[in-house]
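Subject: Structure for you, with notes on charged pairs

Hello,

Here is the structure I promised. Please open it first, then read my notes below.

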Amino acid sequence: MPTDLDPQLLPPIIDDLALQGWSRQEHFLPDSLTRELASECRKRAEKGALAPAGVGRGEALAVREGIRGDRIQWLEAGQHAACDRYLAAMDELRAALNQAFFLGLADYESHFALYPPGSFYQKHLDRFRDDDRRTVSAVFYLNQAWQADQGGALRLYPPGGEVLDVLPQSGTLLLFMSAELPHEVLPASRDRLSLTGWFRRRAL
Ligand code: OGA
Ligand code: MN
């Protein structure tokens with residue numbers, strides 16, 4: 001089954017990840033699908049379905065707004081057509097990453113995230129100390145007409161490279177190696193919406 005993923009994007013994504021450990025695609029999915037995902041995220045936020053995100057995992061999970069201030073809801077298959085199309089595209093990407101890098105990526109977990117104005121996520125790595133399954137991080141942004149002076153950049157600290165800011169512009173997908181790239185979310189002056197997720201290996 002073909003998905004919404006344009007196969008022409010795969011070679012540049014694979015080259016970027018191989019050469020620098022991250023990749024930015026500015027037009028990852030058709031605009032109509034991106035808009036449907038944004039409106040679904042907003043709807044869920046309005047009905048109160050997004051909950052304050054935790055930090056850590058299992059018993060160490062704690063809501064600490066000093067560290068991260070976003071509200072999230074995990075995606076589940078079969079709830080919403082646009083979300084299912086997104087998951088199908090990410091699954092096609094997972095297969096392509098496995099073919100290129102032999103990463104053994106077994107699944108993809110993803111949540112909607114909404115950062116209210118002024119909230120942020122302090123500098124961190126996405127791989128947990130006690131669970132090393134998260135291998136490739138993927139953030140897909142859902143904000144129409146984002147302006148640089150509205151803040152909200154994802155700031156990347158590539159080891160040995162230059163600090164880089166990525167604006168959370170609608171349609172942009174940012175991929176990076178979860179264990180290697182420290183990053184932080186800067187505060188913004190408007191709501192900041194995304195679908196954030198992780199391709200995971202099987203537990204060893
Ligand atoms: C995260 C994260 C980045 C972003 O949720 O772990 O770093 O740009 N998100 O939202
Ligand atoms: Mn992160």
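How many salt bridges does the count come to? The count comes to nine. A salt bridge here is a side-chain nitrogen of Lys or Arg within 4 Å of a carboxyl oxygen of Asp or Glu. Side chains of opposite charge can pair when their charged atoms come close.

A word on the source. This is a predicted model, where local features need pLDDT of at least 70 and side-chain atom pairs count only at pLDDT 80 or more, while totals for chains, interfaces and linings use all residues. Residues are numbered from 1 along each chain, and side-chain values use heavy atoms, without hydrogens and water.

Start with D4 and R85. Their salt bridge has an N to O distance of 3.0 Å. D4 sits in the segment before α1 (10-20), and R85 in helix α3 (residues 81-101), 81 residues apart. (Helices are DSSP runs of H or I, at least four residues; strands are runs of E, at least two; both are numbered from the N terminus.) D4 is partly exposed at 22% relative accessible area. R85 is partly exposed too, at 32%. (Buried means under 20%, exposed over 50%, partly exposed in between, with a 1.4 Å probe and protein chains only.)

Next, E40 and R44. Their closest N and O atoms are 2.7 Å apart. Both lie in helix α2 (residues 31-46), four residues apart, about one turn. E40 is buried at 9%, and R44 is buried at 5%.

Last, R200 and D107. Their salt bridge is 3.0 Å, N to O. R200 is in strand β11 (residues 192-201) and D107 in strand β4 (residues 105-115), 93 residues apart. Shared partners join D107, E109, R134 and R200 into one network of salt bridges.

Best wishes

Definitions and conventions
Chains lettered and ligands numbered in written order.
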